[in-house]
Amino acid sequence: MASIPTPIIFDILIRLPIKSLARFKTLNKLCRSFITDPHFIYTHFKNGANKANNLCLILSCMEHRNLNSIIHFLTVRADIDELAIVEYSAPVSFDSYQVLPSCNGLVCFYGLHGRGVHVCNPSTKDIVRLPDIDADGFRSLSCGFGFDEMSGIYKVIKFLEPLAANPFVDNLRIEIFTVGYNSWRTIRCHPCFGFLHHEPPVFTGGFFYWINTAVSNPDGPSSFSIVSFDIGNEIFEAISPPESISEKNCHNLYLVELRGELCLVDLDYELDEDRKTMDIWIFKGNIVEKKEHWVKETIVHQSEPIDTTRPVAFNGKEILLHGFIKGLGHLNCYNLLTGCFRQLKITDNLKKVKHLLELPKAKTHLTLWKADLGEEGSFDDAIQGCSGVFHVATPMDFESKDPENEVIKPTINGVLSVMKACAKAKTVRRLVFTSSAGTIDVAEHQKPLYDESCWSDLEFIQAKKMTGWMYFVSKTMAEQAAWKFAKENNIDFVSIILPLVVGPFLMQSMPPSLITALSPITGNEAHYSIIKQGQFVHLDDLCRAHIFLFENSKAEDRYICASHHATILDIAKMLGENYPEYNVPTKFKDVDKNLKSVEFSSKKLMDLGFEFKYSLADMFTGAVETCRAKGLLPLSNEKKVNIN
């Protein structure tokens with residue numbers, strides 16, 4: 001890379017998606033210096049802003065846990081999607097924090113009790129704490145965060161006042177931190193440009209804005225103005241508010257930025273005691289040309305107070321409100337045309353992957369990507385530049401009320417979406433697809449031995465509709481569609497057919513395969529038929545087999561990966577002997593005591609040189625002990641006796 005001119009490196013990096021940049025950041029010092037440079041961050045953000053689908057709104061919420069605080073960063077698509085997703089949770093020192101609106105994808109937050117000012121990039125998970133201010137005898141009021149497009153520099157503005165401040169005398173102290181200079185400096189301002197209260201200033205269009213008043217009688221009417229501060233020239237100006245509210249109690253007013261425009265929000269406590277109305281005044285003037293003009297929009301909720309909400313985004317039709325509305329939730333959209341509200345759901349993807357983030361070296365060796373099997377193209381960024389892809393996920397919902405649309409179609413389309421991404425990338429050397437025993441042995445009559453040439457009978461499955469039938473159909477049809485696509489697009493494709501996977505695990509919930517494997521302990525009779533004549537493999541052996549098939553140049557076509565086969569009677573006997581406290585049954589309906597097991601032949605895999613390491617006892621002992629440790633299985637199935 002050292003031989004490539006730096007402008008070309010810059011041009012390459014500027015076109016990469018954010019999560020690819022997170023990978024390159026650890027490549028070398030040159031890449032890191034580019035990616036962390038404020039000018040690069042701004043240019044990359046503006047480049048992405050031309051792609052509407054990439055735009056998102058970054059919100060935040062706080063959580064206090066033990067002696068730490070956690071700031072959760074949520075993203076909502078620019079078109080105000082149905083979901084808000086928790087993308088990153090940043091652990092910080094214990095305090096209450098004010099999180100400012102994002103600026104070019106960066107977020108500034110500060111502690112309300114002296115825990116400093118931080119700047120965070122939620123995408124790369126970098127957090128920088130700014131130097132502390134020499135502020136003995138002063139208290140912090142608020143902060144603002146903005147970007148000067150002319151100089152390509154980020155600035156933080158901080159407001160302070162003396163601890164023994166006189167409310168009728170201006171005592172405001174304003175400090176500016178210019179990113180890259182690593183120090184604060186004081187800015188002089190006229191008392192008429194003072195700071196009213198603890199609401200942070202709003203930044204938009206190169207200006208900071210805040211409300212100011214020169215009230216002499218706290219109980220009398222208050223004439224207020226709006227102060228603007230040019231982030232580049234560092235010049236103060238005053239803006240007149242809408243005339244109809246110029247003498248209102250300014251403590252019921254606050255400023256926000258919506259769609260790049262300054263807005264003044266009026267919560268009219270005096271006229272509306274239940275606070276069901278919110279007026280939003282949009283500034284349409286031009287500060288440079290000294291033109292002032294305001295346009296009003298009104299939000300009305302017919303039954304619930306909305307004073308605890310704050311408008312945070314506007315797409316031309318709907319305004320997104322962040323805050324609690326009784327009966328709705330914390331994120332709601334208000335349609336200006338219909339006057340209707342709709343709630344957005346908040347999903348925490350981090351809970352699903354917490355066990356992965358806690359793996360050794362995860363911070364340096366693991367990158368997580370957001371993708372959806374049901375959304376074509378969502379895997380493109382993740383697969384771009386990869387030499388190997390392992391497809392291991394599939395919808396698995398045995399209780400689905402709409403199997404066709406919730407399981408079967410997403411499974412097939414998901415596989416094809418991943419394969420299309422591989423074809424686009426042109427760097428993928430091999431795709432290893434995780435298939436299932438359900439693709440080879442589900443038929444009216446069982447064989448004593450199965451190999452890779454066998455396929456399940458789809459007509460029988462759809463007619464019988466046994467437990468898990470939609471999973472068997474989806475996996476069979478998905479693999480068949482994958483083989484067709486691979487041949488048509490010249491993709492090196494290998495499938496690994498796995499039986500029931502058993503063993504210790506990392507996730508906090510019960511894996512679906514263990515719901516079946518441990519059904520003799522839990523008494524889940526609906527799953528008995530699946531292990532009536534079952535085949536098994538240890539999770540670690542399966543992972544090793546995936547890597548083995550990817551690395552072995554001679555690997556081709558399908559491979560069964562099953563180390564053991566046993567009947568439900570064999571499994572129940574082993575569990576009963578190892579865990580008598582669970583009272584595992586020894587007899588099962590419609591299961592003959594002389595029932596023979598059915599074998600899946602792994603000869604093809606073993607002939608290639610693969611060796612299994614774990615026994616059947618290893619699998620089940622590891623699974624049971626992990627479930628017990630995570631509280632997913634009780635220590636005993638003995639019933640409590642009521643002696644009263």
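Student: Is Asp590 buried or exposed?

Tutor: Buried means under 20% relative accessible area and exposed over 50%, with partly exposed in between (1.4 Å probe, protein chains only). Asp590 counts as exposed because its relative accessibility is 65%. Please note the basis of such values: this is a predicted model, in which local features need pLDDT of at least 70 and side-chain atom pairs count only at pLDDT 80 or more, while totals for chains, interfaces and linings use all residues. Residues are numbered from 1 along each chain as its sequence is written, and side-chain values use heavy atoms, with hydrogens and water left out.

Student: Where does Asp590 lie, and what is its phi?

Tutor: Helices (H or I, at least four residues) and strands (E, at least two) are DSSP runs, numbered from the N terminus. Asp590 is in the loop between helix H14 (568-578) and strand E33 (599-600). Its phi is positive, about 65°, although Asp590 is not a glycine.

Student: What is the phi of Asn490, and where is this residue placed?

Tutor: Asn490, also a residue other than glycine, has a positive phi near 55°. The loop that holds Asn490 runs between helix H10 (469-488) and strand E28 (493-498). Asn490 counts as exposed because its relative accessibility is 74%.

Student: How enclosed is strand E28?

Tutor: Six of the six residues of E28 are buried, so the rest of the structure largely encloses this strand. Phe493, Ser495 and Ile497 point one way from E28, whereas Val494, Ile496 and Leu498 point the other way.

Student: Which strands are joined to E28 by bridges?

Tutor: The general idea is that strands of a sheet pair through backbone hydrogen bonds, either parallel or antiparallel. Here, two strands pair if DSSP finds at least two bridges between them. Strand E26 (residues 430-436) runs parallel to E28 and is joined to it by six bridges. Ile496 stands opposite Tyr559 in E31.

Student: In what order do the strands of the open sheet lie?

Tutor: Four strands form this open sheet in the order E25-E26-E28-E31, with parallel pairing. Strand E25 (388-391) and E31 are the edge strands, each pairing on one side only. On average, neighbouring strands of the sheet are turned by 20° against each other, direction ignored. For such angles, axes are lines fitted to C-alpha atoms, for helices over the stretch in contact, and angles run from 0 to 180 degrees between N-to-C directions.

Student: Which helices pack on the sheet?

Tutor: Contact means heavy atoms within 4.5 Å. Helix H8 (residues 403-425) touches E25, E26 and E28, and its direction makes about 180° with that of E25. Helix H13 (residues 539-551) touches E25, E26, E28 and E31, and its direction makes about 160° with that of E28.

Student: How many disulfides does the whole structure contain?

Tutor: A disulfide is a pair of cysteine sulfur atoms within 2.5 Å. The search of the whole structure finds zero. For Cys143, the nearest cysteine sulfur is that of Cys108, 6.1 Å away. Cys143 counts as buried because its relative accessibility is 0%.
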